Structure formats: structure tokens, C-alpha cells
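Student: Please pick one part of this model and take me through it closely. Then place it in the rest of the chain. Keep it brisk, and give me the numbers.

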Amino acid sequence: DELLALLEGADSAPASVRRHRQLLAIPTTAGTGSEVTPWATVWDQARARKLSLQLPWTWPEAAIVDADLMLSLPHAATLASGLDA
């Protein structure tokens, strides 16, 4: 509920969301670099909408890129993420 409130534009984050967190990003696609940005996007399929947020704790401390994680990605997703770059 707290995350949904932030995604829907709540003016301030509840105390439990404001606590400092460290984020380690491990991408499973190549090309976009989104794993090192502060933006988070959630697709609400039930309501057909895209919700985004940016908070101080959504900046990753580090990103680990392991090409082996991308080997099982479907061809279309590999193509799309590469072209997005």
C-alpha cells in the first residue's frame, strides 16, 4: 500500500519507506543502462497504466553485470533492449 501511494503521487513517503536502503542492481538485459538510474517503473496490468517513481534510495550503490544472466533471454527481448541503447 505504501509503495502504491508513492507511485500514485503521494506528497510524502511514509516513515517505513523513508528509511535508508542500499540497492544493488543486477540487470538481465543489455543496452539501456537503466540499472544505474534512480528511476523505478511498475506496470499496473490490471489498470493498463505505467507508474514511475524516483526516490533517494532508488539510486543503486553498484551494478553487477553478468552476461550469463542474459543467455536465456528470449530473442525478441534481447533485440528490443539492444535497440533501446
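Tutor: Start with the terms. Helices are DSSP runs of H or I with at least four residues, strands are runs of E with at least two, and both are numbered from the N terminus. Everything below refers to a predicted model.

With that, the order of elements can be read. From the N terminus on, the protein runs α-α-β-β-β-β-α. That makes 3 helices and 4 strands. The part I pick is the hairpin formed by S2 and S3.

First, the pairing. S2 covers residues 39-44, and S3 covers residues 49-54. The two strands pair in the antiparallel sense, over 6 bridges. Thr-41 has Ser-52 in S3 as its bridge partner. Ala-40 is partnered with Leu-53, also in S3.

Now stay with Leu-53, a residue of strand S3. Is Leu-53 buried or exposed? Leu-53 has a relative accessible area of 8%. Leu-53 is therefore buried, as the cut-off is under 20%. Leu-53 can also be placed against Thr-41, which is 12 residues away along the chain. Their C-alpha atoms are separated by 6.6 Å.

Next, the turn. There are 4 residues between S2 and S3. One of the residues in this loop is Ala-48. Its phi is positive, near 50°, and Ala-48 is not a glycine. Which side of the accessibility cut-offs does Ala-48 fall on? Ala-48 counts as exposed because its relative accessibility is 72%. So the turn holds an exposed residue with a positive phi, while S3 holds the buried Leu-53.

Asp-44 lies within the range of S2, and Arg-49 within that of S3. Their side chains meet in a salt bridge, at 3.0 Å from N to O. How many salt bridges does the count give? The count comes to 1 salt bridge. The two partners fall into separate accessibility classes. Asp-44 counts as buried because its relative accessibility is 17%. Arg-49, at 23%, counts as partly exposed. The cut-off between these classes is 20%.

Thr-58 lies in the loop between S3 and S4. Thr-58 is buried, with a relative accessible area of 9%. A polar atom of its side chain lies 2.4 Å from the backbone oxygen of Pro-38. Pro-38 is also among the residues that Thr-58 touches, along with Leu-23 and Thr-37. That list leaves out residues up to four places away in sequence.

Further along, the surface comes into view. Ile-64 sits in the loop between strand S4 (62-63) and H3. Ile-64 is partly exposed, with a relative accessible area of 42%.

Then comes helix H3, residues 75-84. Ser-81 is in this helix. Ser-81 counts as buried because its relative accessibility is 8%. A polar atom of the Ser-81 side chain lies 3.3 Å from the backbone oxygen of Thr-78. Leaving aside neighbours within four places in sequence, Ser-81 contacts Thr-29, Ala-30, Gly-31 and Thr-32. Asp-84 is also in H3, and there the accessibility is 54%, so Asp-84 counts as exposed. The C-alpha atoms of Asp-84 and Ala-30 are 9.2 Å apart, although 54 residues separate them in sequence.

Finally, the whole protein. Of its 85 residues, 18% count as buried. Among contacts between residues at least 6 apart in sequence, 62% join residues at least 24 apart. The protein exposes about 6,300 Å². Carbon and sulfur atoms supply 58% of that area.

Technical notes. Residues are numbered from 1 along each chain as its sequence is written. This is a predicted model: local features need pLDDT of at least 70, side-chain atom pairs count only at pLDDT 80 or more; totals for chains, interfaces and linings use all residues. Side-chain values use heavy atoms; hydrogens and water are left out. Two strands pair if DSSP finds at least two bridges between them. Buried means under 20% relative accessible area, exposed over 50%, partly exposed in between (1.4 Å probe, protein chains only). A polar contact is a pair of N or O atoms within 3.5 Å; within protein, one must be able to donate a hydrogen and the other to accept it, and residues adjacent in sequence count only if both atoms are side-chain atoms. Contact means heavy atoms within 4.5 Å. Accessible areas come from the Shrake-Rupley method with a 1.4 Å probe; for residues, only the protein chains shown count as cover. A salt bridge is a side-chain nitrogen of Lys or Arg within 4 Å of a carboxyl oxygen of Asp or Glu.
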